[in-house]
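The sequence and the model come first.

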Amino acid sequence: MKKIAIVSTHPIQYNAPLFRLLHESGVVKSRVFYTWEQSARGAKYDPDFGREIEWNIPLLEGYDYTFVKNIAAEPGSHHFKGMINPSLNEEIEAWSPDAVLVFGWSYDSHLRCMRHFHGKIPVLFRGDSTLLDEQAGFKRILRRLFLRWIYSHVDVALYVGRNNKEYFRKHGLREAQLIPAPHAIDNTRFAGPDGGYTGQAKSWRMSLGIAETDLVLLFAGKLEGKKDPLFLVRLANEITDARLKLIFVGNGSMEDTIRQTTATDSRFRLLEFQNQQLMPVVYRLADIFILPSRGPGETWGLGANEAMASGCAVMLSDKVGGAVDLVRAGQNGLVFPCGDVEEAARFIRRLLDGTEDLAKMKAASQRIIQDFSYEKIISAIQKAASWTRKKK
């Protein structure tokens, strides 16, 4: 059995179930080396949410892990010097892996790890960057050269989708070095096969004054500029139909602005941040999940995965990295040009007047999302673990 050392910053609600399933699968033997040692203490302040966050699902159960001593003066995942782990490479070598899988290069220790093991054992890489926010000019040329040097230390990249694959190709990785490993969430948990989530959502909708005949549009996430939550306000101004209800779920820097701009429109509902255990119910409040991001940095949009697994149609801007992979035109939603209120409004109107079949879209979302699973990622890791330099 191949041994893979996984380097990641801290326990993340999307990765923990993957690590557990990877351990249970038995296809490889893995150990996770967490570089943000201080995150072992639990709740962390999230500057985007503007509050401390401690996820209420288990993040450290069912797999092998260790927290590596981090001596950074300002520990955290928000800057390059937030992870400085002098013993990381030594601890990995002591475990004697056949390959190392690094999640993200933009931390001091992660980049050092890639450079240290390059040429010794296969260096596998997981990241989800895209070219969607690139701007022409001299800076782009310099960045391309720099990133080509970065990825020259990578043997195999596990790409999350089409935009991410194109990014890797632009920075020097060849087809033989690219293995599809689609971004995924715990589809089974969000699908809720026992039907309990649906009943909870129905009661919650009633308490919010939302009728069964209403069409509900949901934004769930950080209320920050790059996600453009005010797009929903502009959309509501374009569509005056009282059957349209719009829900914000989350906190962030734009929270006060959103409260002020929606105060006179009774169709809006504003809810606080909801933790992971309740999110399958939150998505069932809605018919459509919308992510109108304008960037920069909306590299995928995992909320769309969660919403689709929960049975929502989806509306994603073309600045959302995963939009081209998750949305099938005419089947489960719409990809609209960033900021294009009119196109988004036309789609909503077709749903309101019944010319688009909402029930079919919801079912299509649940069907499509099955292709974005942890099992696919595990298969990709197993394949990458067997990579040899002759295949390069």
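A residue counts as buried when its relative accessible area is under 20%. The model discussed here is predicted. Arginine 144 has a relative accessibility of 18%, so this residue counts as buried. Arginine 144 belongs to helix α4, which spans residues 138-151. Leaving aside residues up to four places away in sequence, arginine 144 touches Leu131, Glu134, Lys170 and His171.

**Helix pairs**

Two packed helices are described by the angle between their axes and the distance between the axes. Two pairs are set out below.

| Helix pair | Angle between axes | Axis distance |
|---|---|---|
| α2 (residues 88-95) and α3 (residues 108-117) | about 50 degrees | 10 Å |
| α1 (residues 16-25) and α15 (residues 374-385) | roughly 60 degrees | within 10 Å |

At about 50 degrees, α2 and α3 are therefore oblique to each other. Their crossing is right-handed. On the α2 side, the contact involves Leu88, Asn89, Ile92 and Glu93, and on the α3 side Ser109, Arg112, Cys113, His116 and Phe117. Sorted by class, the contact of α2 with α3 has four nonpolar, three polar and two charged residues.

For the second pair, the axes of α1 and α15 cross at roughly 60 degrees. This angle makes α1 oblique to α15. The crossing of α1 and α15 is right-handed. Pro17, Leu18, Leu21, Leu22 and Ser25 of α1 meet Tyr374, Glu375, Ile377, Ile378 and Ile381 of α15. The contact of α1 with α15 is made up of eight nonpolar residues, one polar residue and one charged residue.

**Buried and exposed faces**

An α-helix has 3.6 residues a turn, so residues three or four places apart point the same way.

Which residues of α2 are buried? They are Leu88, Asn89, Ile92 and Trp95. Viewed down the axis of α2, these buried residues fall within an arc of 120 degrees, so they line one face of the helix. The face of α2 turned away from its buried side carries Glu90 and Ala94, both exposed.

In helix α9 (residues 255-262), the buried residues are Glu255, Ile258 and Thr262. These three cover an arc of only 65 degrees around the axis, which puts them on the same side of α9. Asp256 and Gln260 are exposed and sit on the face of α9 turned away from its buried side. The cover over the buried residues of α9 includes helix α8 and the strands β11 (244-249) and β12 (268-271).

**Backbone features in loops**

Most residues other than glycine have a negative phi, and most peptide bonds are trans.

Serine 96 is not a glycine, yet has a positive phi of about 60 degrees. With a relative accessible area of 48%, serine 96 is partly exposed. Serine 96 and isoleucine 4 are 92 residues apart in sequence, and their C-alpha atoms are 8.9 Å apart in space.

Is aspartate 228 buried or exposed? At 5% relative accessibility, aspartate 228 counts as buried.

Proline 296 lies in the loop that runs between β13 (288-291) and α11 (302-309).

Terms used
Residues numbered from 1 in each chain as written. Predicted model: local features only at pLDDT ≥ 70, side-chain atom pairs only at ≥ 80, totals over all residues. Heavy atoms only, no water. Axes fitted to C-alpha atoms, helices over the stretch in contact; angles between N-to-C directions. Helix = DSSP H or I, 4+ residues; strand = E, 2+ residues; numbered from the N terminus. Parallel < 35°, antiparallel > 145°, perpendicular 65-115°, else oblique. Left-handed = near helix turned anticlockwise from the far one by under 90°. Contact = heavy atoms within 4.5 Å. Nonpolar A, V, L, I, M, F, W, Y, C, P; charged D, E, K, R; others polar. Buried < 20%, exposed > 50% of the residue type's maximum accessible area, 1.4 Å probe, protein only. Arc of directions from axis to C-beta.
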